Amino acid sequence: MPKVKVLSRNPDDYVRETKKDIFKVPRNYNPTLHPFEEAREYTRALNATKLERLFAKPFLGDLNGHRDGVNVMCKHPISLSKVFTGACDGEVREWDLPKLQCTKIIATHSGFVRGMDFESDAQKFWTCGDDKTIKLWDNTITPEEPLQTILTSDVPQGLSRHKSKEVIATCGQSVNIYNIGRTTPSRSLTWGIDSIHHVAFNPIETEILASCASDRSIVLYDCRERNPLRKVILKLRSNKLAWNPLEAFTFTVANEDYNLYTFDMRKLSTPVNVHMNHISAVLDVDYSPTGKSFVSGSYDKTIRVFEVNKGRSIEVYHTKRMQRVNCVLWSLDNRYLLSASDEMNVRVWKANASEKLGVLKTREKESMNYSQKLKQKYKHFPKIKGISKKRHIPKAIYNAASEIATIRESQKRKESNRRAHSKPGAVPYVSERQKHVVGEAK
Amino acid sequence: MAEKETREAKKPKNSIMKDIFDGPAPLSKHAVNRYARGHEVDEKSVRTKYRKAEIISNEKKIYSAMKDAARAEMLLNEQAGFLEADEGEHTSQYTQDDITKVVDVQSQQKYFEVKLENFGPYRINYTRNGRFILLGGEKGHVAAFDWQTKQLTCEMNVMETVNDIQWLHTENMFAVAQRLWTYIYDNQGIEIHCLKALDRVLRLEFLPYHFLLVSANEKSYLSYIDISIGKKVAGFPTAYGRLDVMTQNPYNAITLLGHSGGTVSMWSPNVKQPLVKMLCHRSATRCISVEQSGQYMATSGIDGKVKIWDLRTYKLLHSYKVGSPVYDLSFSQRNLLAAAVGDVVHIYKDSLSKEIDAPYMCQRSPGFIRNIDFCPFEDVLGVGHSTGFSSYLVPGAGEPNFDALEANPYQTKKQRRQAEVKMLLDKIQPDLINLDTAVLGKVDRKSAQDILEEKKKLLYLKPEKVDFVPRYKKKGGSKTGKIEKRKKGVLWEDKRNQLKERLLKKKLKLKNNQTKKLKKKILKESKVDTRTSKILDRFQKKDS
């Protein structure tokens with residue numbers, strides 16, 4: 001008698017007992033049973049990339065109601081669902097983001113609202129406006145009258161609240177530091193005579209503040225010292241400035257020359273990175289709470305998302321009706337962007353264009369994580385790279401971008417020709433980062 | 001009571017007990033390496049420290065995945081079959097009756113015969129999960145059934161010659177190569193398509209991961225049809241004559257054709273010429289079979305030889321003389337090789353690793369054999385012959401543990417539907433068919449010419465001049481690269497000779513000078529010696 005064993009499976013081990021059970025899925029990870037692993041994985045990555053672009057619908061809704069262009073926006077420091085906007089007619093509105101409704105209307109100033117910032121407990125907020133006043137408002141009610149009014153000698157152009165101390169800073173002819181409760185500035189900081197249009201406190205190194213002035217300079221101050229710290233002058237003026245919320249020494253400025261510059265405040269002589277892609281002046285910039293990326297709004301009617309360490313934008317948002325973007329915000333949960341534009345509208349966008357909103361099932365989440373990893377793994381493959389980078393942009397912007405590219409190329413050509421026909425070393429190579437900086441002063 | 005006692009007996013005697021199974025179960029390196037996909041990246045060759053850290057952490061993840069996969073082997077609950085002979089006997093002596101006597105009832109039912117004497121000889125095909133079988137009689141009989149429950153799904157007579165039959169991606173569709181056209185039928189036997197693009201087809205193959213139906217026809221035309229979109233992907237007039245021997249390499253989806261001159265050619269849908277051409281036999285090739293991992297190929301010719309080839313080196317490993325021509329060959333999942341000789345099936349074990357002298361099993365079938373095929377995930381060999389179909393037990397043929405996400409013999413209707421969607425989503429594009437399946441994961445190195453072209457495109461940089469023009473050459477001549485090298489060598493030799501000559505001249509000159517000086521000196525001294533000094537000598541000009 002031979003010794004024999006023949007494969008004979010008991011179906012009970014492989015078939016579910018009842019219809020309500022889940023299916024039994026025995027696995028065997030032997031590589032020969034799984035041919036074409038690489039090719040199948042690549043196909044999945046390609047499909048995931050295509051689906052990502054397919055689901056990229058970033059526009060969520062708009063906050064409609066302002067009767068004049070929106071000039072400033074302010075995040076609520078505690079509540080994710082609230083946002084404040086100030087318009088050119090002096091009106092400040094509070095919005096409920098999930099409902100896309102206005103919940104409060106406050107007539108703050110006659111003329112533009114120029115700056116706005118919250119007290120750290122979120123109970124009160126400060127505004128300043130073209131009527132030469134700085135006002136403190138109670139946020140717990142719908143206020144008719146401000147809690148406090150400070151009259152200033154010049155028009156305050158911006159306002160920022162110290163992150164820990166009872167101090168606010170405004171700018172105009174100079175940077176004025178007010179101790180809260182006083183009506184006169186405790187210190188007035190200037191460097192040369194010029195108008196300063198933006199000021200921002202550092203959220204981590206809380207004593208440091210930075211300002212942008214019309215003489216194309218960015219000035220750093222320490223509010224404990226009598227004199228400003230440092231100053232860097234760029235070729236064109238910077239419109240706005242945003243501090244990195246996680247890296248105390250990093251800030252990004254939105255410049256008039258279509259670019260954004262990320263600086264290390266310890267070494268202002270060259271920017272750490274130049275972010276190009278806008279085709280018109282950049283008007284505002286705001287960091288994501290992770291400190292890895294930021295959003296910028298521009299005169300070219302688009303908003304773009306940049307990564308801090310990358311020179312080119314990873315995302316561009318636009319609509320047919322959106323006019324030049326005055327200010328942008330990145331929500332504190334890292335999921336939404338807000339843009340306020342000239343045509344009195346505030347728009348809400350997804351920060352990640354293809355993200356699915358709402359509650360996800362565990363399996364859904366797992367599959368998304370898997371496809372995310374695949375996209376990451378195969379991102380350098382030409383086909384996948386092409387699909388994930390492709391963005392449709394309005395014709396005007398496309399044409400303008402190609403025009404700018406042509407201009408840059410011709411400038412380069414000219415420079416290289418000049419270099420070729422002059423004494424060696426007479427036309428030095430200047431890096432793109434250094435090109436835009438006029439000089440640093442201490 | 002008894003239970004209580006045993007429990008007490010198990011209690012350790014020492015109060016401080018050490019867990020002898022402390023920590024994770026030990027894993028052999030061999031088991032872990034079974035799940036390796038190529039070599040690890042050498043971190044030393046990485047330039048930046050960030051990338052280095054990234055690669056190190058990646059390698060760690062890969063290794064832990066390998067370990068987990070090896071550990072999961074514990075969960076495989078089926079053991080492979082085997083057949084062991086008694087003392088003084090050989091496994092090949094046992095008949096099917098001997099085997100069925102000692103196996104269980106379920107397995108006994110897997111040995112059966114279907115008598116279909118009027119329409120043979122039959123070609124057969126199992127589905128990928130091994131659940132269904134398709135029979136195609138040459139005289140037009142086509143039948144599909146679940147061979148385990150013996151439930152017939154459809155049966156018909158197509159009233160034409162049937163050259164080949166082939167299941168498509170599920171058991172709901174199959175293709176039949178008939179006299180003139182190829183037809184696709186559903187599981188009820190209803191004709192869904194008539195593929196007029198595939199005419200006079202002799203052999204059909206289906207590439208399940210690419211959804212490609214490959215056909216080879218009488219007029220030496222090889223064509224690929226994507227059945228998910230119904231489009232012809234590629235078609236080549238191979239000019240090899242009647243193509244009646246075809247198989248696929250399951251590892252890389254390359255199609256292998258056997259020709260009357262004894263050659264075997266390998267085709268991908270992306271290249272018009274065969275990727276590989278091998279001369280395997282002195283006479284016509286009868287059949288080809290490639291084992292699952294794609295490393296070995298077995299061929300047979302009408303010269304009565306069976307040859308085993310290594311597909312990594314394209315070299316012959318073993319050659320067996322069977323005597324009479326082998327009409328079909330088939331590899332099982334566990335690398336048993338079945339060969340059909342007349343009306344007998346020989347089954348060889350370990351034929352890849354060593355030279356064998358006797359078959360593992362032998363089985364005579366009632367008719368002349370046309371087609372043999374091992375059933376996936378079962379210890380069963382299907383034989384299509386002139387008088388019908390036979391199913392034989394071959395212990396140790398099938399893979400004991402299936403992966404339900406790839407092929408599931410216990411698939412329900414719902415699972416099949418889901419699997420179909422998944423398969424379609426993961427459909428691999430035909431342009432990825434390549435001899436090397438891992439080509440996607442490799443670094444695409446640019447050639448020197450590509451780099452040069454790229455540099456030329458860069459603005460305001462003068463393109464480098466490369467002093468190398470590949471010469472037009474006739475076949476069989478020497479390589480241009482070598483000629484260039486030789487030329488350069490000659491140039492250098494010339495230069496060296498010149499230098500040597502110059503050096504030699506210099507030396508000679510130096511030597512001459514020295515000898516002249518020496519002579520003068522000697523002459524002078526001798527003068528001093530011979531002449532007596534005079535008073536006026538001091539006014540004479542002195543030698544410098």
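Chain A and chain B of this predicted model are joined by 6 salt bridges. One of them links K3(A) and E84(B), whose side chains meet with an N to O distance of 3.8 Å. That value falls inside the cut-off of 4 Å, so the pair counts as a salt bridge.

Which elements of chain A give two or more residues to the side that touches chain B? They are strand 1 (3-5), helix 1 (37-54) and helix 4 (395-420). Helix 1 of chain A gives the largest share, with 8 residues. By class, this side of chain A has 19 nonpolar, 8 polar and 12 charged residues.

**The interface as a whole**

The size of an interface is often given as the accessible area lost when the parts come together. Here chain A and chain B bury about 4800 Å² between them. Carbon and sulfur atoms carry 59% of that area. Three residues stand out on chain A: L7(A), R9(A) and F36(A) supply 17% of the area that chain A buries against chain B, more than any other three residues. In terms of contacts, 39 residues of chain A meet 59 residues of chain B.

The two chains also share strand pairing. Strand 1 of chain A runs antiparallel to strand 1 (residues 82-84) of chain B, over 3 bridges. Within this pairing, K5(A) has F82(B) as its bridge partner.

**Chain A on its own**

Chain A has 442 residues, and 48% of them are buried. It holds 5 helices and 30 strands. Its C-alpha trace spans about 110 × 70 × 40 Å along the principal axes. Now take the contacts in chain A with a separation of 6 or more: residues 24 or more positions apart account for 48% of them.

**A covered strand in chain B**

Is strand 12 (residues 212-217) of chain B mostly covered or mostly open? It is mostly covered, with 6 of its 6 residues buried. In a regular strand the side chains alternate between the two faces of the sheet. In strand 12 of chain B, one side has L212(B), V214(B) and A216(B), and the other has L213(B), S215(B) and N217(B). Every one of these residues is buried, so both faces are covered.

Strand 12 of chain B has an antiparallel partner in strand 11 (residues 201-207) and another in strand 13 (residues 221-226). Each pairing forms a hairpin. The table sets them out.

| Strand pair in chain B | Bridges | Residues between strands | Positive phi in the turn |
|---|---|---|---|
| Strand 11 and strand 12 | 6 bridges | 4 residues | F211(B), about 55 degrees |
| Strand 12 and strand 13 | 5 bridges | 3 residues | S220(B), about 60 degrees |

F206(B) stands opposite L213(B). V214(B) has Y224(B) as its bridge partner in strand 13 of chain B.

**One buried serine**

S289(B) lies in strand 19 (residues 285-290) of chain B. Why does S289(B) count as buried? Its relative accessible area is 7%, and buried means under 20%, so S289(B) qualifies. The side chain of S289(B) reaches the backbone nitrogen of F331(B) at 3.2 Å. Leaving out residues up to four places away in sequence, S289(B) touches T247(B), Y296(B), M297(B), A298(B), L329(B), S330(B) and F331(B).

Methods
Residues are numbered from 1 along each chain as its sequence is written. Chains are lettered from A and ligands numbered from 1 in the order in which they are written. This is a predicted model: local features need pLDDT of at least 70, side-chain atom pairs count only at pLDDT 80 or more; totals for chains, interfaces and linings use all residues. Side-chain values use heavy atoms; hydrogens and water are left out. Contact means heavy atoms within 4.5 Å. Buried area is the accessible area (1.4 Å probe) that two parts lose on being put together, summed over both. Ala, Val, Leu, Ile, Met, Phe, Trp, Tyr, Cys and Pro count as nonpolar, Asp, Glu, Lys and Arg as charged, and the others, Gly among them, as polar. Two strands pair if DSSP finds at least two bridges between them. Buried means under 20% relative accessible area, exposed over 50%, partly exposed in between (1.4 Å probe, protein chains only). A polar contact is a pair of N or O atoms within 3.5 Å; within protein, one must be able to donate a hydrogen and the other to accept it, and residues adjacent in sequence count only if both atoms are side-chain atoms.
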